[in-house]
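Student: I am new to this structure and would like to learn how to read it feature by feature. Could we look at it together and begin with the idea of burial?

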Amino acid sequence: MKFKLKIEQNALQDIQGITDWYTIQLQNLGSRFQKQAKFTINSLKTNPHNYAVRYTEVHCVGIKKFPFLVHYTIDDEALIVSIFAILHTSRNPKIWEMRKNI
């Protein structure tokens, strides 16, 4: 069973902002982050339930080698994974509460 991905505008802005920051820090680090984020997000098409529910109905998966979590919900009936935030692990997760559309 394959899920479709729905990436909210805020999550895309998160990815771009993180990429920009890493690019300033070290050449090619931004593109390495983006590649790893894309790989992590695409893995949710086939196994979104493999990751823990961290908050009510919100799953999180870490981006390998980077201190960020992808926050998402799953609609099993429509087979849609909705990604609404990519946040640093040290940030308060309440930030995404204003974003999510559960």
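Tutor: Let us start with the term itself: a residue is called buried when its relative accessible area is under 20%, exposed when that area is over 50%, and partly exposed in between. Please keep in mind that this is a predicted model.

Student: With that cut-off, what percentage of the 102 residues in the chain do buried residues make up?

Tutor: Buried residues account for 38% of the 102 residues, while the accessible surface of the chain comes to about 6,500 Å², with 50% of it belonging to carbon and sulfur atoms.

Student: Which order do the elements of the chain follow from the N terminus on?

Tutor: The chain has two helices and five strands, and, read from the N terminus, these elements run β-α-α-β-β-β-β. The radius of gyration of the chain is 13 Å, close to the 13 Å given by the globule rule for 102 residues, so the chain is as compact as a globular protein of that length.

Student: How should I read the charges, and how many salt bridges does a search of the whole structure find?

Tutor: In general, side chains of opposite charge can pair when their charged atoms come close. Here the chain carries 14 positive and 8 negative side chains, and the centres of the two sets lie 11 Å apart. The search of the whole structure finds one salt bridge, in which the side chains of Lys6 and Glu8 meet at 3.5 Å, N to O.

Methods
Residues numbered from 1 in each chain as written. Predicted model: local features only at pLDDT ≥ 70, side-chain atom pairs only at ≥ 80, totals over all residues. Heavy atoms only, no water. Helix = DSSP H or I, 4+ residues; strand = E, 2+ residues; numbered from the N terminus. Rg over C-alpha atoms; globule rule 2.2 N^0.38 Å. Buried < 20%, exposed > 50% of the residue type's maximum accessible area, 1.4 Å probe, protein only. Areas by Shrake-Rupley, 256 points an atom, 1.4 Å probe, with all protein chains shown as cover. Lys, Arg positive; Asp, Glu negative; His and termini not counted. Charge placed at Lys NZ, Arg CZ, Asp CG, Glu CD. Salt bridge = Lys/Arg side-chain N within 4 Å of Asp/Glu carboxyl O.
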